[in-house]
Amino acid sequence: MDYMLTEEQVELKKIARRIALEKVKPVAAKYDEESAFPWDMVKVFADAGFYEVFVPEEYGGAGGGVLELCLVVEELSRICGGISLAVAASALGTFPILISGSDEQKARYLPDLVSGRKIAGFGLTEPAAGSDAAAIRTTAVRKGDYYIINGTKCFITNGSVAKIYTIIASTDPAKGSRGASAFIIEEGFEGFSYGKIEDKMGIRASATSELVFEDCKVPVENRIGSEGKGFSVAMRTLDRARPGVAAQAVGIAQGALDLALEYTMQREQFGKSISSFQGIQWMLADMATQIEASRALVIASARMIDAGLSNISQGSAMAKLFASDTAMKVTTDAVQLFGGYGYMKDYPIEKFMRDAKITQIYEGTNQIQREVIARALIREAAK
Ligand code: COS
(Lines give C-alpha, C1' and ligand atoms only; values in the text may rest on other atoms or scores of the structure.)
Protein backbone atom coordinates (compact mmCIF):
# COMPACT_ATOMS: atom_id res chain seq x y z
CA MET A 1 0.00 0.00 0.00
CA ASP A 2 1.15 3.54 -0.70
CA TYR A 3 0.71 5.83 2.30
CA MET A 4 1.99 8.81 0.37
CA LEU A 5 4.96 9.32 2.63
CA THR A 6 7.24 12.24 1.84
CA GLU A 7 10.59 11.57 0.14
CA GLU A 8 12.31 12.12 3.50
CA GLN A 9 10.03 9.61 5.23
CA VAL A 10 10.63 7.00 2.52
CA GLU A 11 14.36 7.58 2.85
CA LEU A 12 14.21 7.28 6.66
CA LYS A 13 12.32 3.98 6.36
CA LYS A 14 14.97 2.68 3.96
CA ILE A 15 17.79 3.70 6.29
CA ALA A 16 16.07 1.98 9.23
CA ARG A 17 15.53 -1.16 7.12
CA ARG A 18 19.17 -1.20 6.05
CA ILE A 19 20.45 -0.74 9.59
CA ALA A 20 18.08 -3.41 10.87
CA LEU A 21 19.36 -5.89 8.30
CA GLU A 22 23.05 -5.01 8.46
CA LYS A 23 23.51 -4.26 12.17
CA VAL A 24 20.59 -5.65 14.17
CA LYS A 25 19.99 -8.97 12.44
CA PRO A 26 23.45 -10.44 13.15
CA VAL A 27 23.15 -9.79 16.90
CA ALA A 28 19.40 -10.22 17.60
CA ALA A 29 19.55 -13.90 18.64
CA LYS A 30 22.59 -13.31 20.87
CA TYR A 31 20.99 -10.43 22.80
CA ASP A 32 17.75 -12.39 23.14
CA GLU A 33 19.55 -15.42 24.53
CA GLU A 34 21.79 -13.45 26.89
CA SER A 35 19.06 -10.98 27.82
CA ALA A 36 21.65 -8.23 27.56
CA PHE A 37 21.16 -4.58 26.69
CA PRO A 38 22.46 -3.72 23.20
CA TRP A 39 24.72 -0.74 23.93
CA ASP A 40 26.48 -1.11 20.58
CA MET A 41 23.10 -0.72 18.86
CA VAL A 42 22.39 2.47 20.83
CA LYS A 43 25.55 3.90 19.29
CA VAL A 44 24.47 2.77 15.81
CA PHE A 45 20.97 4.24 16.28
CA ALA A 46 22.39 7.50 17.65
CA ASP A 47 24.74 7.84 14.67
CA ALA A 48 21.78 7.21 12.35
CA GLY A 49 19.84 10.01 14.09
CA PHE A 50 17.00 7.77 15.31
CA TYR A 51 16.79 9.54 18.68
CA GLU A 52 16.09 12.86 17.02
CA VAL A 53 13.58 11.90 14.32
CA PHE A 54 10.50 12.80 16.39
CA VAL A 55 11.89 15.96 18.01
CA PRO A 56 11.17 19.45 16.58
CA GLU A 57 14.10 21.30 15.08
CA GLU A 58 13.86 24.08 17.68
CA TYR A 59 14.96 21.54 20.30
CA GLY A 60 17.78 20.16 18.19
CA GLY A 61 15.76 17.40 16.57
CA ALA A 62 15.27 16.45 12.94
CA GLY A 63 11.86 18.08 12.86
CA GLY A 64 9.75 14.96 12.33
CA GLY A 65 7.06 13.64 14.61
CA VAL A 66 5.40 10.48 15.85
CA LEU A 67 5.08 9.18 12.28
CA GLU A 68 8.85 9.28 11.75
CA LEU A 69 9.34 7.51 15.08
CA CYS A 70 6.84 4.82 14.03
CA LEU A 71 8.56 4.27 10.68
CA VAL A 72 11.88 3.65 12.42
CA VAL A 73 10.38 1.46 15.16
CA GLU A 74 8.50 -0.71 12.66
CA GLU A 75 11.61 -1.41 10.58
CA LEU A 76 13.78 -2.20 13.62
CA SER A 77 11.06 -4.41 15.11
CA ARG A 78 10.72 -6.31 11.84
CA ILE A 79 14.12 -7.73 12.70
CA CYS A 80 14.10 -7.53 16.53
CA GLY A 81 11.19 -6.38 18.65
CA GLY A 82 13.46 -6.13 21.69
CA ILE A 83 16.31 -4.08 20.29
CA SER A 84 13.84 -1.56 18.80
CA LEU A 85 12.95 -0.56 22.36
CA ALA A 86 16.33 1.09 22.79
CA VAL A 87 14.74 3.81 20.64
CA ALA A 88 11.01 3.46 21.35
CA ALA A 89 11.19 3.40 25.16
CA SER A 90 13.57 6.34 25.18
CA ALA A 91 11.02 8.28 23.13
CA LEU A 92 8.38 7.36 25.73
CA GLY A 93 10.60 8.79 28.48
CA THR A 94 11.32 11.90 26.42
CA PHE A 95 7.70 12.77 25.58
CA PRO A 96 6.81 14.30 29.00
CA ILE A 97 9.68 16.79 28.62
CA LEU A 98 8.68 17.56 25.02
CA ILE A 99 4.99 17.91 25.82
CA SER A 100 5.06 19.74 29.14
CA GLY A 101 8.67 20.56 30.03
CA SER A 102 9.76 24.15 30.64
CA ASP A 103 12.21 25.86 28.27
CA GLU A 104 14.94 25.33 30.89
CA GLN A 105 14.15 21.60 31.18
CA LYS A 106 14.15 21.22 27.41
CA ALA A 107 17.45 23.07 27.10
CA ARG A 108 18.98 21.00 29.88
CA TYR A 109 17.82 17.50 28.95
CA LEU A 110 16.92 17.32 25.27
CA PRO A 111 20.41 17.76 23.75
CA ASP A 112 21.69 14.56 25.42
CA LEU A 113 18.51 12.64 24.54
CA VAL A 114 18.27 13.84 20.96
CA SER A 115 21.89 12.91 20.30
CA GLY A 116 21.47 9.50 21.94
CA ARG A 117 24.32 10.27 24.39
CA LYS A 118 21.77 9.41 27.07
CA ILE A 119 18.57 7.44 26.82
CA ALA A 120 15.37 7.93 28.80
CA GLY A 121 12.75 5.84 30.59
CA PHE A 122 9.21 6.49 31.82
CA GLY A 123 8.07 5.56 35.32
CA LEU A 124 4.35 5.33 35.99
CA THR A 125 3.57 1.70 36.89
CA GLU A 126 3.86 0.47 40.48
CA PRO A 127 3.28 -2.91 42.09
CA ALA A 128 -0.24 -1.85 43.12
CA ALA A 129 -0.95 0.60 40.27
CA GLY A 130 -1.00 -0.94 36.79
CA SER A 131 -4.21 -0.37 34.84
CA ASP A 132 -5.41 1.87 37.67
CA ALA A 133 -2.68 4.43 37.12
CA ALA A 134 -4.25 6.94 39.52
CA ALA A 135 -3.61 4.52 42.41
CA ILE A 136 0.13 5.28 42.55
CA ARG A 137 1.60 5.33 46.03
CA THR A 138 4.96 6.92 45.34
CA THR A 139 4.94 10.23 47.16
CA ALA A 140 6.73 13.50 46.58
CA VAL A 141 6.79 15.81 49.59
CA ARG A 142 8.08 19.35 49.12
CA LYS A 143 10.82 20.46 51.52
CA GLY A 144 12.06 23.91 50.51
CA ASP A 145 13.84 23.75 47.16
CA TYR A 146 13.49 19.97 46.93
CA TYR A 147 10.90 17.22 46.79
CA ILE A 148 11.56 14.11 48.81
CA ILE A 149 10.37 11.11 46.81
CA ASN A 150 9.59 7.70 48.31
CA GLY A 151 8.21 4.64 46.56
CA THR A 152 8.90 1.98 43.95
CA LYS A 153 8.17 1.90 40.24
CA CYS A 154 8.15 -1.48 38.50
CA PHE A 155 8.42 -2.97 35.00
CA ILE A 156 10.22 0.14 33.74
CA THR A 157 11.52 -0.34 30.21
CA ASN A 158 15.08 1.01 29.90
CA GLY A 159 15.21 0.81 33.71
CA SER A 160 18.86 0.61 34.85
CA VAL A 161 20.22 1.67 31.44
CA ALA A 162 18.53 5.04 31.01
CA LYS A 163 20.22 8.05 32.56
CA ILE A 164 17.08 10.21 32.65
CA TYR A 165 13.63 9.14 33.87
CA THR A 166 10.35 10.96 33.77
CA ILE A 167 8.21 9.67 36.60
CA ILE A 168 4.84 10.32 38.18
CA ALA A 169 4.52 10.67 41.97
CA SER A 170 1.78 11.91 44.24
CA THR A 171 2.21 15.36 45.76
CA ASP A 172 -1.28 15.13 47.29
CA PRO A 173 -2.42 11.51 47.79
CA ALA A 174 -5.88 12.58 49.00
CA LYS A 175 -6.63 14.02 45.56
CA GLY A 176 -5.99 10.84 43.52
CA SER A 177 -5.29 11.59 39.85
CA ARG A 178 -5.53 15.34 40.56
CA GLY A 179 -2.77 15.02 43.16
CA ALA A 180 -0.19 13.46 40.84
CA SER A 181 2.85 15.37 39.59
CA ALA A 182 5.57 14.60 37.06
CA PHE A 183 9.32 14.78 37.75
CA ILE A 184 12.60 14.37 35.91
CA ILE A 185 14.99 12.06 37.73
CA GLU A 186 18.64 11.70 36.82
CA GLU A 187 20.68 8.60 37.50
CA GLY A 188 22.86 9.46 40.46
CA PHE A 189 20.29 11.53 42.37
CA GLU A 190 20.66 10.89 46.10
CA GLY A 191 18.22 8.19 47.24
CA PHE A 192 17.54 6.83 43.74
CA SER A 193 18.53 3.26 42.88
CA TYR A 194 17.50 0.29 40.80
CA GLY A 195 15.68 -2.70 42.26
CA LYS A 196 14.86 -6.01 40.64
CA ILE A 197 16.06 -6.51 37.06
CA GLU A 198 13.38 -8.57 35.31
CA ASP A 199 13.95 -11.84 33.45
CA LYS A 200 11.36 -11.74 30.68
CA MET A 201 9.58 -14.05 28.23
CA GLY A 202 10.28 -11.78 25.28
CA ILE A 203 11.83 -8.44 24.33
CA ARG A 204 14.84 -9.82 26.17
CA ALA A 205 17.23 -7.39 24.51
CA SER A 206 15.56 -4.59 26.43
CA ALA A 207 16.25 -3.81 30.08
CA THR A 208 13.35 -3.80 32.52
CA SER A 209 13.80 -2.91 36.17
CA GLU A 210 12.33 -1.41 39.30
CA LEU A 211 13.13 2.19 40.18
CA VAL A 212 13.52 2.63 43.92
CA PHE A 213 13.16 5.99 45.69
CA GLU A 214 14.28 6.21 49.29
CA ASP A 215 14.14 9.81 50.46
CA CYS A 216 15.26 10.73 46.99
CA LYS A 217 16.08 14.45 46.74
CA VAL A 218 14.74 16.04 43.57
CA PRO A 219 15.16 19.78 42.91
CA VAL A 220 11.89 21.69 42.55
CA GLU A 221 12.98 22.81 39.08
CA ASN A 222 12.74 19.14 37.99
CA ARG A 223 8.99 19.07 38.41
CA ILE A 224 7.33 18.96 34.97
CA GLY A 225 4.39 21.35 34.84
CA SER A 226 2.56 22.41 37.95
CA GLU A 227 1.66 20.27 40.95
CA GLY A 228 -1.40 18.11 40.29
CA LYS A 229 -0.88 17.97 36.52
CA GLY A 230 1.13 14.75 36.50
CA PHE A 231 -1.74 12.45 35.56
CA SER A 232 -2.53 14.59 32.55
CA VAL A 233 1.18 14.55 31.58
CA ALA A 234 1.15 10.75 31.83
CA MET A 235 -2.05 10.32 29.81
CA ARG A 236 -0.94 12.73 27.10
CA THR A 237 2.41 10.94 26.96
CA LEU A 238 0.69 7.59 26.48
CA ASP A 239 -1.57 9.05 23.79
CA ARG A 240 1.58 9.97 21.86
CA ALA A 241 3.55 6.82 22.59
CA ARG A 242 0.92 4.12 21.91
CA PRO A 243 1.25 4.38 18.11
CA GLY A 244 4.92 3.51 18.70
CA VAL A 245 3.92 0.28 20.46
CA ALA A 246 1.54 -0.36 17.57
CA ALA A 247 4.42 0.20 15.13
CA GLN A 248 6.54 -2.23 17.13
CA ALA A 249 3.70 -4.77 16.84
CA VAL A 250 3.38 -4.19 13.09
CA GLY A 251 7.12 -4.70 12.69
CA ILE A 252 7.09 -7.93 14.71
CA ALA A 253 4.13 -9.24 12.70
CA GLN A 254 5.71 -8.25 9.39
CA GLY A 255 9.00 -9.90 10.36
CA ALA A 256 7.13 -13.10 11.23
CA LEU A 257 5.26 -13.03 7.92
CA ASP A 258 8.54 -12.47 6.03
CA LEU A 259 9.97 -15.61 7.62
CA ALA A 260 6.77 -17.64 7.18
CA LEU A 261 6.57 -16.75 3.51
CA GLU A 262 10.17 -17.73 2.90
CA TYR A 263 9.76 -21.00 4.83
CA THR A 264 6.47 -22.10 3.27
CA MET A 265 7.88 -21.49 -0.23
CA GLN A 266 10.85 -23.77 0.32
CA ARG A 267 9.32 -26.40 2.63
CA GLU A 268 8.07 -29.36 0.59
CA GLN A 269 5.41 -31.88 1.66
CA PHE A 270 3.32 -34.17 -0.53
CA GLY A 271 5.76 -33.44 -3.35
CA LYS A 272 5.35 -29.67 -3.55
CA SER A 273 6.03 -26.50 -1.62
CA ILE A 274 3.49 -26.04 1.17
CA SER A 275 2.85 -22.47 -0.07
CA SER A 276 1.10 -24.02 -3.06
CA PHE A 277 -1.68 -25.36 -0.79
CA GLN A 278 -4.74 -23.16 -0.53
CA GLY A 279 -5.01 -23.66 3.25
CA ILE A 280 -1.55 -22.16 3.68
CA GLN A 281 -2.16 -19.42 1.10
CA TRP A 282 -5.28 -18.25 2.90
CA MET A 283 -3.39 -18.05 6.16
CA LEU A 284 -0.66 -15.97 4.50
CA ALA A 285 -3.27 -13.71 2.89
CA ASP A 286 -5.06 -13.13 6.20
CA MET A 287 -1.77 -12.38 7.96
CA ALA A 288 -0.78 -9.83 5.30
CA THR A 289 -4.19 -8.16 5.35
CA GLN A 290 -4.28 -7.85 9.13
CA ILE A 291 -0.77 -6.38 9.13
CA GLU A 292 -1.69 -3.83 6.47
CA ALA A 293 -4.81 -2.77 8.38
CA SER A 294 -2.66 -2.33 11.50
CA ARG A 295 -0.09 -0.30 9.60
CA ALA A 296 -2.82 1.96 8.24
CA LEU A 297 -4.05 2.61 11.80
CA VAL A 298 -0.52 3.37 12.98
CA ILE A 299 0.04 5.88 10.19
CA ALA A 300 -3.37 7.49 10.56
CA SER A 301 -3.07 7.86 14.34
CA ALA A 302 0.50 9.20 14.09
CA ARG A 303 -0.58 11.74 11.49
CA MET A 304 -3.42 12.94 13.74
CA ILE A 305 -0.96 13.51 16.55
CA ASP A 306 1.56 15.26 14.32
CA ALA A 307 -1.18 17.50 12.93
CA GLY A 308 -1.73 18.75 16.48
CA LEU A 309 -5.30 17.47 16.82
CA SER A 310 -6.64 17.31 20.36
CA ASN A 311 -8.81 14.17 20.16
CA ILE A 312 -6.00 11.67 19.67
CA SER A 313 -6.65 9.18 22.51
CA GLN A 314 -9.11 7.02 20.60
CA GLY A 315 -6.98 6.66 17.46
CA SER A 316 -3.84 5.84 19.46
CA ALA A 317 -5.71 3.25 21.51
CA MET A 318 -7.25 1.68 18.38
CA ALA A 319 -3.84 1.43 16.69
CA LYS A 320 -2.26 -0.14 19.78
CA LEU A 321 -5.16 -2.55 20.35
CA PHE A 322 -5.52 -3.74 16.77
CA ALA A 323 -1.83 -3.94 15.90
CA SER A 324 -0.85 -5.81 19.06
CA ASP A 325 -3.70 -8.32 18.75
CA THR A 326 -2.63 -8.75 15.12
CA ALA A 327 1.00 -9.30 16.14
CA MET A 328 -0.04 -12.03 18.57
CA LYS A 329 -2.24 -13.74 16.00
CA VAL A 330 0.19 -13.42 13.09
CA THR A 331 3.20 -14.63 15.07
CA THR A 332 1.21 -17.58 16.45
CA ASP A 333 0.13 -18.49 12.91
CA ALA A 334 3.72 -18.09 11.70
CA VAL A 335 4.90 -20.60 14.29
CA GLN A 336 2.10 -22.91 13.09
CA LEU A 337 3.32 -22.58 9.49
CA PHE A 338 6.80 -23.69 10.58
CA GLY A 339 5.22 -26.77 12.17
CA GLY A 340 7.44 -28.65 14.64
CA TYR A 341 10.45 -26.58 13.59
CA GLY A 342 8.62 -23.42 14.60
CA TYR A 343 8.53 -24.57 18.22
CA MET A 344 12.29 -25.08 18.36
CA LYS A 345 14.78 -22.40 19.31
CA ASP A 346 16.96 -23.40 16.34
CA TYR A 347 14.56 -21.40 14.19
CA PRO A 348 14.06 -17.66 14.69
CA ILE A 349 10.26 -17.66 14.54
CA GLU A 350 9.40 -18.54 18.16
CA LYS A 351 11.14 -15.34 19.29
CA PHE A 352 8.64 -13.27 17.32
CA MET A 353 5.76 -14.91 19.19
CA ARG A 354 7.45 -14.23 22.55
CA ASP A 355 8.23 -10.62 21.59
CA ALA A 356 4.67 -10.00 20.35
CA LYS A 357 2.97 -10.82 23.66
CA ILE A 358 4.12 -7.75 25.55
CA THR A 359 2.56 -5.40 22.99
CA GLN A 360 -0.87 -6.52 24.21
CA ILE A 361 0.12 -5.69 27.78
CA TYR A 362 2.34 -2.65 28.17
CA GLU A 363 1.54 1.04 27.74
CA GLY A 364 -1.91 0.02 28.84
CA THR A 365 -3.35 -3.47 28.51
CA ASN A 366 -5.64 -4.02 25.55
CA GLN A 367 -8.53 -4.11 28.01
CA ILE A 368 -7.59 -0.52 28.95
CA GLN A 369 -7.36 0.46 25.27
CA ARG A 370 -10.94 -0.75 24.81
CA GLU A 371 -11.92 1.32 27.85
CA VAL A 372 -10.31 4.43 26.32
CA ILE A 373 -12.04 3.78 22.97
CA ALA A 374 -15.46 3.13 24.53
CA ARG A 375 -15.25 6.24 26.71
CA ALA A 376 -14.46 8.35 23.63
CA LEU A 377 -17.36 6.78 21.72
CA ILE A 378 -19.83 7.44 24.51
CA ARG A 379 -18.56 10.98 25.09
CA GLU A 380 -18.95 11.77 21.40
CA ALA A 381 -22.42 10.21 21.18
CA ALA A 382 -23.60 12.16 24.23
CA LYS A 383 -22.72 15.52 22.60
N1 COS B 1 -5.32 13.28 28.14
C2 COS B 1 -5.40 14.26 29.05
N3 COS B 1 -6.04 14.11 30.22
C4 COS B 1 -6.64 12.93 30.45
C5 COS B 1 -6.59 11.87 29.53
C6 COS B 1 -5.90 12.08 28.33
N7 COS B 1 -5.79 11.12 27.40
N8 COS B 1 -7.27 10.82 30.03
C9 COS B 1 -7.73 11.21 31.23
N10 COS B 1 -7.34 12.48 31.47
C11 COS B 1 -7.68 13.29 32.64
C12 COS B 1 -9.19 13.39 32.80
O13 COS B 1 -9.70 14.46 32.04
C14 COS B 1 -9.34 13.62 34.27
O15 COS B 1 -9.06 14.97 34.56
P16 COS B 1 -9.93 15.77 35.67
O17 COS B 1 -9.75 15.03 36.95
O18 COS B 1 -9.32 17.12 35.68
O19 COS B 1 -11.35 15.73 35.18
C20 COS B 1 -8.19 12.80 34.86
O21 COS B 1 -7.23 12.64 33.82
C22 COS B 1 -8.64 11.46 35.37
O23 COS B 1 -9.26 10.79 34.28
P24 COS B 1 -10.16 9.50 34.47
O25 COS B 1 -11.19 9.78 35.52
O26 COS B 1 -10.60 9.06 33.13
O27 COS B 1 -9.09 8.49 35.09
P28 COS B 1 -9.24 6.98 35.52
O29 COS B 1 -8.65 6.83 36.87
O30 COS B 1 -10.62 6.49 35.30
O31 COS B 1 -8.21 6.23 34.51
C32 COS B 1 -7.45 5.22 32.52
C33 COS B 1 -8.29 6.32 33.17
C34 COS B 1 -7.94 3.82 32.84
C35 COS B 1 -7.57 5.47 31.02
C36 COS B 1 -5.94 5.36 32.94
O37 COS B 1 -5.80 5.03 34.30
C38 COS B 1 -5.00 4.55 32.11
O39 COS B 1 -4.66 4.93 30.99
N40 COS B 1 -4.54 3.38 32.66
C41 COS B 1 -3.55 2.60 32.02
C42 COS B 1 -2.21 3.10 32.41
C43 COS B 1 -1.17 2.58 31.50
O44 COS B 1 -1.26 2.68 30.28
N45 COS B 1 -0.12 2.04 32.09
C46 COS B 1 0.94 1.53 31.33
C47 COS B 1 2.19 1.80 32.03
S48 COS B 1 3.00 3.18 31.46
S49 COS B 1 4.17 2.39 30.10
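Tutor: A salt bridge is counted here when a side-chain nitrogen of Lys or Arg lies within 4 Å of a carboxyl oxygen of Asp or Glu. By this rule the count comes to 22 salt bridges. In general, side chains of opposite charge can pair when their charged atoms come close. The model is predicted, so that local features need pLDDT of at least 70 and side-chain atom pairs count only at pLDDT 80 or more, whereas totals for chains, interfaces and linings use all residues. Residues are numbered from 1 along each chain as its sequence is written, and side-chain values use heavy atoms, with hydrogens and water left out.

The setting comes before the pairs. The protein chain divides into domain 1 (7-118), domain 2 (121-226) and domain 3 (231-381), with bounds that come from an automatic or database domain assignment. Between the C-alpha centres of domain 1 and domain 3 there are 20 Å. In the contact (heavy atoms within 4.5 Å), domain 1 takes part with 22 residues and domain 3 with 29 residues. About 2,000 Å² is buried between domain 1 and domain 3, and carbon and sulfur atoms give 65% of that area. Buried area here is the accessible area (1.4 Å probe) that two parts lose on being put together, summed over both.

Three salt bridges are counted between domain 1 and domain 3. E74 forms a salt bridge with R295, and the closest N and O atoms of E74 and R295 are 2.9 Å apart. Seven residue pairs, both members at pLDDT 80 or more, are in polar contact between domain 1 and domain 3. The elements that give two or more residues to the side of domain 1 that touches domain 3 are α1 (7-34), α3 (66-79) and α4 (85-100). Of these, α3 gives the largest share, nine residues. By class, this side of domain 1 has twelve nonpolar, six polar and four charged residues. Three definitions apply here:
- A polar contact is a pair of N or O atoms within 3.5 Å; within protein, one must be able to donate a hydrogen and the other to accept it, and residues adjacent in sequence count only if both atoms are side-chain atoms.
- Helices (H or I, at least four residues) and strands (E, at least two) are DSSP runs, numbered from the N terminus.
- Ala, Val, Leu, Ile, Met, Phe, Trp, Tyr, Cys and Pro count as nonpolar, Asp, Glu, Lys and Arg as charged, and the others, Gly among them, as polar.

Helix α3 also holds a pair of its own. The side chains of R78 and E75 meet in a salt bridge at 3.6 Å, N to O. R78 and E75 are separated by about one helical turn, because they stand three residues apart in helix α3. For exposure, buried means under 20% relative accessible area, exposed over 50%, and partly exposed in between (1.4 Å probe, protein chains only). E75 has 3% relative accessibility and therefore counts as buried; R78 has a relative accessible area of 19% and is therefore buried.

R78 has a further partner, for the side chains of D258 and R78 meet in a salt bridge at 2.7 Å, N to O. D258 lies in helix α6 and R78 in helix α3, 180 residues apart, and the pair thus links distant parts of the chain. With a relative accessible area of 24%, D258 is partly exposed. Salt bridges that share partners join K13, E75, R78 and D258 into one network.

Helix α1 gives a further pair. E22 and R18 meet through their side chains in a salt bridge (3.8 Å, N to O). Both E22 and R18 lie in helix α1, four residues apart, about one turn of the helix. E22 is partly exposed, with a relative accessible area of 48%, and R18 is partly exposed as well, with 44%.

Helices α1 and α3 return at helix α9. Seven of the nine residues of α9 (residues 349-357) are buried, and the helix is mostly covered. The buried residues of α9 include charged ones, among them E350, K351, R354 and D355. What covers the buried residues of α9 includes α1, α3, α6 (230-266) and α8 (313-338).
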